Amino acid sequence: MLSVHLILFLAFGAVAVAGAINLLAQTHPINSALSLIAVMAALAGEYLLLGAEFLAAVQVIVYAGAIMVLFVFTIMLLNAGVEERTKGSRVAIIFGIPGVLIGSVLLGWVMLRHSGTEAVAAGALPGAPGVIGQLLFHEFLLPFEITSILILIAIMGAVVLASKPPTTSVGPATLTAEQKVNT
Amino acid sequence: MVPLSYYLALSGILFACGVVGFLIKRNIITIFMSIELMLNGVNLSFVAFAAHWHALAGQVFVFFVMVVAAAEAAVGLAIIIAVYRTRETLNVDQVNLLKL
Amino acid sequence: MPIWLYILASVIKSAIVLVVLLTAVAYTVWLERKVVGHMQNRWGPTRVGPFGLLQPLADGAKFLFKEDLTPPHVYKPLYIAAPLIAVIFALTSISMIPFGNSVTIAGYSIPLQITDVNTGLLVILGMTSIGVYGVALAGWSSNNKYSLLGGLRASAQMVSYEISLGLSLVGVLIMAGSFSLRDIVNSQGGHFWGFIPRWNIFTGQFIGFFCYLMAAYAETNRIPFDLPEAETELVAGYHTEYSAMKFAMFFMAEYANMITVACLATLLFFGGWNGPLFGPAILQAILPVFWFGAKIFAFLFLYIWVRGTLPRFRYDQLMAFGWKFLLPLSLVNVIATAIAVAW
């Protein structure tokens, strides 16, 4: 029976699957990035349907608004172009399209085999920020602090890896007299 | 009322697309984006199960997955920039020798 | 309230808000030209209508009739989509903003807000985050090195200052206890000692207000943070290759963002529509909206005043300010507010 919940679920799901398939089908990475943003926005809609409103907002702010900006930034910076058709990529397409179909159908069939009895109501989760905050700071305090340290390490790593390599420094013992005067 | 298996099927389809994208794409940035797609599929199944069993830990775990994905994206893109500086290419097939 | 009436009321509210917002955008341009003109000891627009009040109409007609040029080697889909993205997400933020208390029409009480989402503040932050794409994609798709540099710089700047923006709002959230904008305003009602209003800026959020203002000026790419679109540095930055209607859309998006920032500042720090109420009941229903409008006008004037007075930051100074000064300051504000509330 067709409830508004089912229609909205199918609409967001169709957008997500279309975005995922478009990510595979496009050759230019910027189009793949934009399809991925569409997938993330559709998933934020799905989270809203399940009642996780804080999570939906965080998905848009963090995933679609920060991580994907980073991807788009890198594509712009490195001037990534269209993928070339090499022998490897042709083999990949020959095995890839049946691979997507078989993988999706298999996983979908396995999941749907037990369908019918259990149903999830719309807005089933108490997704208010206060509730999640309570959990984050009481039961999940240790993972929270560890992930903070993880982010700190990631920031330092990214800054070091992406910075320009230092100019080769010659030790003081090997400087000639002229270099000593000039440096 | 949407059956739980519909949510899991959607999550499975997204995950399958991510896996195939990881295997068939040649551009390193697109491979990275397939990894993010896989993580998103998994997030959806976490939230669906949390709604089904009224276990709020599922939502909180999605936070941690997002944080780890963000950290991984930052470091991974920095590595891609470093590799591009030396190899001048973004095609994984051409980054196949240890020495330039 | 029956569902059809609810939908009808929402549609009418959306139409009114949209018309008022677009008119406000046009007249903010007029206000800026007049105010900056007087600060520079000249008149500003005076020819078209009394005090140049019909100047926005003339500008609109000019934009409609200008030639819409598409340079040959741009990446067409994104070139056309980028200004659309910028405008759509700039205009969507207004739907969360409450303008006043409820009005009672024919027995139904209709709140003066298009929707009251209980995570309204987060949705506005999300719209700001997605607005970055308009700038970045415009810069990249224009196939022009100045646009690319301007786009990269602008998106890096906006992403960096989003963090301070979010953190400066956390102080307000701790004090109000809710993400819903209406609840935040309602928690600022009442007075201290009978005459000082209980606005958030007087109850300890002064540093938060300062951080919010700086971060918002950087988010909307206004002076002193407008290097990405400065004419003397980068030709015109990310909107170099745009003409006529698409350029007008970027313009509209910038001014709509300014108005959203002004609305948020009044709602979060200055008590929203709380103000002295007097007179008969019909006046008491209209007066909150008037106070809200007056406060927004004050903030827009502040924006324009700062534009006419300060020079712009160099890019490395800008990024250093955002990461090394504003972010620690916002964190200190959050910690201090949390300690103050916990005791």
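Which residue is the bridge partner of Val120(A) in E1(B)? In this predicted model, that partner turns out to be Val2(B). The two residues belong to a pairing that crosses from one chain to another: E1(A) and strand E1 of chain B, residues 2–3, run alongside each other in the antiparallel sense, with 2 bridges between them.

Between chains A and B, 73 residues of chain A are in contact with 56 residues of chain B. On the chain A side, the elements that supply two or more residues are helices H1 (4–25), H2 (29–49), H3 (53–77), H4 (87–112), H5 (129–138) and H6 (141–162), together with strand E1 (119–120). H4(A) puts in the most, with 13 residues. Sorted by class, this side of chain A comes out as 50 nonpolar, 20 polar and 3 charged residues.

Now for chain A itself. The chain is split into domain 1, covering 1–113, and domain 2, covering 128–162. The confidence in chain A averages a pLDDT of 83, and 86% of its residues reach 70 or more. Among the elements of the chain, H2(A) has the highest mean pLDDT, at 94, while helix H7 of chain A (residues 177–182) has the lowest, at 57.

Chain B is next. Its elements are 3 helices and 1 strand, and going along the sequence they follow the pattern β-α-α-α. How does the radius of gyration of chain B compare with that of a compact globule of 100 residues? Chain B has 17 Å, whereas such a globule would be near 13 Å. The box filled by its C-alpha atoms, taken along the principal axes, is roughly 55 × 25 × 15 Å. Even with those dimensions, buried residues account for 59% of the 100 residues in chain B. As for contacts in chain B between residues at least 6 apart in sequence, 49% of them join residues at least 24 apart.

Note on methods. Residues numbered from 1 in each chain as written. Chains lettered and ligands numbered in written order. Predicted model: local features only at pLDDT ≥ 70, side-chain atom pairs only at ≥ 80, totals over all residues. Contact = placed C-beta atoms within 7 Å. Helix = DSSP H or I, 4+ residues; strand = E, 2+ residues; numbered from the N terminus. Nonpolar A, V, L, I, M, F, W, Y, C, P; charged D, E, K, R; others polar. Pairing = 2+ DSSP bridges. Domains from an automatic or database assignment. pLDDT = per-residue confidence, 0-100. Rg over C-alpha atoms; globule rule 2.2 N^0.38 Å. Buried ≥ 20, exposed ≤ 12 C-beta atoms within 10 Å, placed from the backbone.
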